[in-house]
Amino acid sequence: MRARVIYNPTSGREMLKKSMIDILQILEEAGYEASAYATTPEPLSATKEAERAALAGFDLIVAAGGDGTVNEVVNGIAGLDHRPTVGIIPAGTTNDYARALKIPRSNLLDAARIIADGNVIPMDIGQSNGTYFINIAAGGYLTDLTYDVPAKLKTIFGYLAYLVKGAEKIPQLKPMHMRIEYEDGVYDGMASMFFVALTNSVGGFETIDPNIVLGDGKFTLFVVKTANIFEILQLLAQVLNGGRHLENSNVLYTHTSFVRAESMDGSRLMINLDGEYGGDAPTTFTNHQQHIKIIGNTSDYADPIEEVDEGILEGAGTGFMKEVETLHPDEVNDKRLPYDGKN
């Protein structure tokens, strides 16, 4: 068996580069003839190498880096008939996909050992505007934070960079008229943002959907109907406090095999796919059930379908958010809140 490790040499403060010999040794001991490829600044470097390795007959491709590296690797093989199994060694800022699959995020060698164990999980992937995504698609205000924050700042400051950029954008927050079709109906009204999720880990939040089942062919759809910053802070607090946001009247929540989204008032509705710009709406999000075999460390997934082979706040800020959830608007000193969607 042959394994190709595709790694981002700048991820994890260059710890991947320093650990690569040990990672390859772990894969060799698991029975793989292992080799490595360092990505370059060239666009889609990981995507092109993943496609090349798949066409060359490699059995395993390891995406070593952040969520962006994983996304590029999956995009390189998703359209092929022969799709190698994918392993993940997380070394990025959020590592949402690794978090969802319970892959160790604090020790690169422990993650490599998970790959050596070989627990294969058949995972759904999404597609929009000709591009595949593995974890989250989104549209609307604030959903462009991931590509507005410079890569260097993400590496140095992590979540702090996102919080600073988010605070900067809050005054711009306003709703637009969206039409969002899904399996059981249509939402046609004002909304500030929507999310189409494939796992329960988004932006470091691990309770975005406690009811999710990996590989069941369904997206989780959230539509946030309000643009009132006070109400959005309460929503975030409820996410942290046991998934209580699912019952919030400002949220449409459902599971669906497809989503079609468009702007109805002429506003530009930009689409974010796994943290990168993915074109503008109108677009349709298609779920490819159990399309990619990922090595993980979880049992929270659906039974394999017949055509598939078997084979940010963690603690930080939680107290603050619980306090926000119990606040009443009269207790907020600054009344200059953005449009609340009620008029």
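Is Asn228 buried or exposed?

Modeller: This is a predicted model, in which local features need pLDDT of at least 70 and side-chain atom pairs count only at pLDDT 80 or more, while totals for chains, interfaces and linings use all residues. Residues are numbered from 1 along each chain as its sequence is written, and side-chain values use heavy atoms, with hydrogens and water left out.

Asn228 is buried, because its relative accessible area is 9% (buried means under 20%, exposed over 50%, and partly exposed in between, using a 1.4 Å probe and protein chains only). Asn228 sits in the loop between strand 11 (219-224) and helix 9 (229-240), where helices (H or I, at least four residues) and strands (E, at least two) are DSSP runs numbered from the N terminus. Although Lys174 is 54 residues away from Asn228 in sequence, their C-alpha atoms are 8.0 Å apart in space.

In the loop between strand 15 (276-280) and strand 16 (283-295) lies Pro282, which is joined to Ala281 by a cis peptide bond with omega of about 10°.

A buried residue can also belong to a strand, as Arg4 does in strand 1 (residues 2-7); Arg4 counts as buried because its relative accessibility is 14%. The side chain of Arg4 reaches the backbone oxygen of Ala36 at 3.2 Å. Leaving aside neighbours within four places in sequence, Arg4 is in contact (heavy atoms within 4.5 Å) with residues including Glu49, Arg52 and Ala53.

Glu49 and Ala53 bring us to helix 2, where they are buried together with Ser45, Ala46, Thr47, Ala50 and Ala54. The buried residues of helix 2 pack against strand 1, strand 2 (33-38), strand 3 (60-65) and helix 3. Two packed helices are described by the angle between their axes and the distance between the axes. Those axes are lines fitted to C-alpha atoms, for helices over the stretch in contact, and the angles run from 0 to 180 degrees between N-to-C directions. Helix 2 (residues 45-55) and helix 3 (residues 67-77) pack at about 40°, with axes 7 Å apart. That angle makes helix 2 oblique to helix 3 (under 35 degrees counts as roughly parallel, over 145 as roughly antiparallel, 65 to 115 as roughly perpendicular, and the rest as oblique). On the helix 2 side, the contact is made by Ser45, Ala46, Thr47, Ala50, Glu51 and Ala54, and on the helix 3 side by Glu72, Val73, Asn75, Gly76 and Ile77. Just after helix 2, Gly57 takes a positive phi of about 90°.

For another pair, helix 1 (residues 15-29) and helix 5 (residues 108-117) pack at about 30°, with their axes 9 Å apart, and helix 1 and helix 5 are therefore roughly parallel to each other.

Note on methods: Polar contact = N/O pair within 3.5 Å; in protein donor to acceptor, adjacent residues only side chain to side chain.
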